[in-house]
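Visitor: I have a structure to go through and would like a hand with it. Can we start?

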Amino acid sequence: MLLPPANAVFDYQLGGAYAPAAEVRIVDRDRAAPPVPGLYSVCYVNAFQTQPAELAHWRRAHPDLLLKKHGRPVVDEAWGERLLDTSSARRRRALAKVVGSWIDRCAQSGFQAVEPDNLDSYSRSKGVLTLSDNKAFASMLIRRAHDDGLAIAQKNTAELAPAGRALGFDFAIAEECQAYGECDTYMRTYGDEVFEVEYPDNGGIAGFRAACRARGGSISVLYRDRDVLTPGSKGYINESC
């Protein structure tokens with residue numbers, strides 16, 4: 001298992017794959033995209049919520065794994081994503097078969113690491129899920145990734161550190177930790193294996209520059225547009241320090 005190179009230039013390409021700049025050493029792409037030969041490639045997996053385009057499949061193939069409260073769907077309104085139901089051991093085992101197969105394919109495709117997103121879905125679950133539920137599911141994904149020879153990132157959820165390290169997460173991808181004052185929490189747990197992403201609608205360029213002054217010599221800090229667009233798209237932003 002190989003960890004990402006610490007404090008190397010990191011590119012977040014979740015909105016679409018494109019040729020990275022010459023200085024980039026780490027690329028994070030959706031599981032449907034290929035890794036980048038010669039670079040450290042991280043495979044993005046939406047492990048705790050549905051991708052909007054895949055909701056019909058979940059409804060058809062795994063309706064019992066979609067979270068409900070009083071019979072009504074629980075939705076992450078910000079992104080239009082249904083939450084997955086991690087509330088019981090049976091459901092977690094069923095989810096692990098689905099998400100685990102994605103992690104297997106990340107490894108088979110040549111990625112070096114996996115980023116399971118929405119670890120903090122319990123906080124949007126209207127009280128149906130707990131942190132313990134998601135930790136239990138995360139442990140299953142960590143074992144699967146390590147069995148596949150992949151490193152695995154703790155994505156956000158600062159309140160989980162340092163418990164996340166104890167679970168087995170190898171590094172952290174921290175969105176908006178400058179804006180929320182959480183960066184030191186991640187660094188105390190993961191040292192220089194923290195990859196920070198800041199956005200223009202929460203802290204803006206001033207927040208990014210403050211992050212660079214505070215931590216740019218120690219960890220990777222990236223400034224991206226919220227929709228992580230591809231170059232040439234209106235609103236595309238991509239700066240590193």
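Predicted model: local features only at pLDDT ≥ 70, side-chain atom pairs only at ≥ 80, totals over all residues.

Visitor: Fine. What is the strand order in the sheet?

Guide: The order is β1-β2-β3-β8-β9-β10-β11-β12-β13, in an open sheet of 9 strands with mixed pairing.

Visitor: Which strands stand at the edges?

Guide: Those are β1 (10–13) and β13 (238–240). Each has a single partner strand, so one side of each is left without a neighbour in the sheet.

Visitor: And the twist, what does that average from one strand to the next?

Guide: The average is 25°.

Visitor: Which way do its side chains point?

Guide: Ala113, Glu115 and Asp117 point one way from β8, while Val114 and Pro116 point the other way. In a regular strand, side chains alternate between the two faces of the sheet.

Visitor: How many bridges does β8 have to β3, and how many to β9?

Guide: With β3 there are 5 bridges, and the two strands run parallel. Val45 has Pro116 in β8 as its bridge partner. With β9 (residues 151–155) there are 2 bridges, also parallel, and Val114 stands opposite Ile152 there.

Visitor: Further along the sheet, how do β10 and β11 run?

Guide: Parallel, with 4 bridges between β10 (residues 171–175) and β11 (residues 194–198). Ala172 stands opposite Val194 in β11.

Visitor: And β11 with β12?

Guide: They pair in the parallel sense over 4 bridges. The bridge partner of Glu198 in β12 is Tyr223.

Visitor: Is β12 buried or exposed?

Guide: Buried: 5 of the 5 residues of β12 are, so β12 is largely enclosed by the rest of the structure. Ser220, Leu222 and Arg224 point one way from the strand, and Val221 and Tyr223 the other.

Visitor: Which helix lies across that part of the sheet?

Guide: Helix α7 (residues 204–215) does, lying across β11, β12 (220–224) and β13. Its direction is at about 170° to β12.

Visitor: Change of topic. How many disulfides are there?

Guide: A search of the whole structure finds 3. Counting bonded cysteines along the chain, the pattern is 1-2, 3-4, 5-6.

Visitor: α7 came up just now. Which disulfide involves that helix?

Guide: The one between Cys212 and Cys241, with sulfur atoms 2.0 Å apart. Cys212 lies in α7 and Cys241 in the segment after β13, so the pair ties together parts 29 residues apart in sequence. The torsion about the S-S bond is about -100°, so this disulfide is left-handed.

Visitor: How accessible are those two cysteines?

Guide: Cys212 has 18% relative accessibility and therefore counts as buried. Cys241 is partly exposed, at 35%.

Visitor: What about Cys43, which residue is it joined to?

Guide: Cys43 is joined to Cys106, S to S 2.0 Å. Cys43 lies in β3 (residues 40–46) and Cys106 in helix α2 (residues 89–109), so the link ties together parts 63 residues apart in sequence. The angle about the S-S bond is -50°, a left-handed link, and both cysteines are buried.

Visitor: And Cys177 with Cys183, what hand is that disulfide?

Guide: Right-handed, because the torsion about the S-S bond is about 95°. The sulfur atoms are 2.1 Å apart. Cys177 counts as buried at 1% relative accessibility, and Cys183 does at 3%.

Visitor: Back to α2. At what angle does that helix pack with α3?

Guide: The angle is about 35°, and the axes of α2 and α3 (residues 131–147) are 10 Å apart. The crossing is right-handed.

Visitor: Which residues meet there?

Guide: From α2 they include Leu95, Val99, Ile103 and Asp104, and from α3 they include Phe137, Met140, Leu141 and Arg144. By class, the contact has 9 nonpolar, 2 polar and 5 charged residues.

Definitions and conventions: Residues numbered from 1 in each chain as written. Heavy atoms only, no water. Pairing = 2+ DSSP bridges. Axes fitted to C-alpha atoms, helices over the stretch in contact; angles between N-to-C directions. Contact = heavy atoms within 4.5 Å. Disulfide = S-S within 2.5 Å. Buried < 20%, exposed > 50% of the residue type's maximum accessible area, 1.4 Å probe, protein only. Left-handed = near helix turned anticlockwise from the far one by under 90°. Nonpolar A, V, L, I, M, F, W, Y, C, P; charged D, E, K, R; others polar.
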